[in-house]
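Subject: Handing over a structure

Hello,

I am passing this structure on to you, and I hope you enjoy looking through it. My notes on what turned up follow below.

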Amino acid sequence: MKNELTRNFSEVTEFILLGFRTIPELQILLFLVFLLIYIFILVGNISMIIVTKVDAKFHTPMYFFLRNLSFLDLCYSTVIAPKTLANFMSNEKKISYNCCAAQLFFFALFVTTEGFLLAVMAFDRFSAICSPLLYPVHMSEKVCIRLVIGSYMCGGINAIVHTGFTFSLRFCEENRLDHFFCDAPALIEISCVDTFVNEIVIYVLSSLIILTTTMVIVISYAYILSTVLKIPSTQGRKKTFSTCGSHVAVVSLFYGTLFFMYAQPGAMSSPQQIKIVAVFYTLVIPMLNPLIYSLRNRDMKDAMKKILCNELPSD
């Protein structure tokens, strides 16, 4: 029996992504919707990167982190979207074992890095508002680079653990994933061996990351709120806190969906619900982030218009 199990395991060289099982006509509609969303992701985030790079007024720590946020949104949506779009137009919907492992690794890397980067951005706002005189020291160029590198290192550790534990499982003859990309819970679901340890590792690690980064964000904004309330004028309080509004909106969307997905015991019980939530955080949030940051910032809106409309200086 053990030899048969080993033989079956060795034969699993690819997975079938079942995705959204609907009639062919609806598959075409979903393809167009996903394609449109992905185009918005590309245009919005690439524009954000270009604007904050070429315009000198955006050469500040806040926009340095925002540029990296746009890069991460671009990366992890690109890990998912092209293959998903291809599968909408394909009958086979296959992904090789190695490509599946790579997709899980890079998705975990970029998503986790974004979580830590959002915590770094909260600390940046805390430093700017609560310690304005020391802000240039606290958030020097060297410190900003180190914080981004540290975020990637934490993302890399999580990606290695997630991918290593998931692909140490045996899948035997079952290779159909009830998902539109290779995610750890979906892979654990089809394993033919005991997955208790793997589920505990994913739950504990995801909870630890979410709680740690959320704590940094909550403490930072507690101090920010305390400082803002001490400002005597209403206009001054409004202007100071307006620099944080976009970040609060992005954090709420990102952590809300991730908590629903990975940091609750029953998160793996409903495949259809998981797929809907997954669409939101893999594609919808990366599309919304550039809009959230640009619509609340007049300088950013003006600069984005120049880039998108290819506006030339008048004679």
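**The disulfides**

The torsion about the S-S bond of C100 and C182 is about -120°, so this disulfide is left-handed. A disulfide here is a pair of cysteine sulfur atoms within 2.5 Å, and these two sulfurs lie 2.0 Å from each other. The bond ties together distant parts of the chain, 82 residues apart: C100 belongs to helix α4, while C182 is in the loop between β3 and α7 (184-189). Helices (H or I, at least four residues) and strands (E, at least two) are DSSP runs, numbered from the N terminus.

Before going on, please note that this is a predicted model: local features need pLDDT of at least 70, side-chain atom pairs count only at pLDDT 80 or more, and totals for chains, interfaces and linings use all residues. Residues are numbered from 1 along each chain as its sequence is written, and side-chain values use heavy atoms, with hydrogens and water left out.

How many disulfides does the structure hold? There are two. The other one joins C172 to C192, with an S to S distance of 1.8 Å. With 55° about its S-S bond, the link of C172 and C192 is right-handed. It also connects distant parts of the chain, 20 residues apart: C172 sits in the loop between α6 (141-166) and β3, and C192 in the loop between α7 and α8 (196-229). Counting bonded cysteines along the chain, the pattern is 1-3, 2-4.

For accessibility, buried means under 20% relative accessible area, exposed over 50%, and partly exposed in between (1.4 Å probe, protein chains only). C100 has 0% relative accessibility and so counts as buried, and C182, at 0%, is buried too. In the other pair, C172 is buried at 8%, whereas C192 is partly exposed at 36%.

C144 is in no disulfide, and the nearest cysteine sulfur, that of C244, is 16 Å away. C144 is buried, with a relative accessible area of 3%. C244 is in no disulfide either; its nearest cysteine sulfur is that of C130, 8.8 Å away. C244 is buried at 0%.

**The sheet**

You will also find an open sheet of three strands in the order β2-β1-β3, with mixed pairing. β2 (94-96) and β3 (176-177) stand at the edges with a single partner strand each, so one side of each has no neighbour in the sheet. Two strands pair if DSSP finds at least two bridges between them. β1 (residues 14-17) and β2 pair in the antiparallel sense over three bridges, and F15 has I95 in β2 as its bridge partner.

**A cavity**

A search of the whole structure finds two cavities of 30 Å³ or more. A cavity is a set of points, on a 1 Å grid over the protein atoms alone, where a 1.4 Å probe fits but cannot get out; lining residues have an atom within 4 Å of a point. Grid points are joined across faces, edges and corners, and a volume is the space filled by probe spheres set on the points.

The second largest cavity has a volume of about 80 Å³. Its lining residues include L17, F20, N87 and F180. Helix α3 (residues 61-88) gives the most to this lining, with three residues.

Best wishes

Definitions and conventions
1 Å grid on protein atoms, 1.4 Å probe; cavity = no way out; pocket = protein on both sides within 12 Å on 5 of 7 lines; lining within 4 Å.
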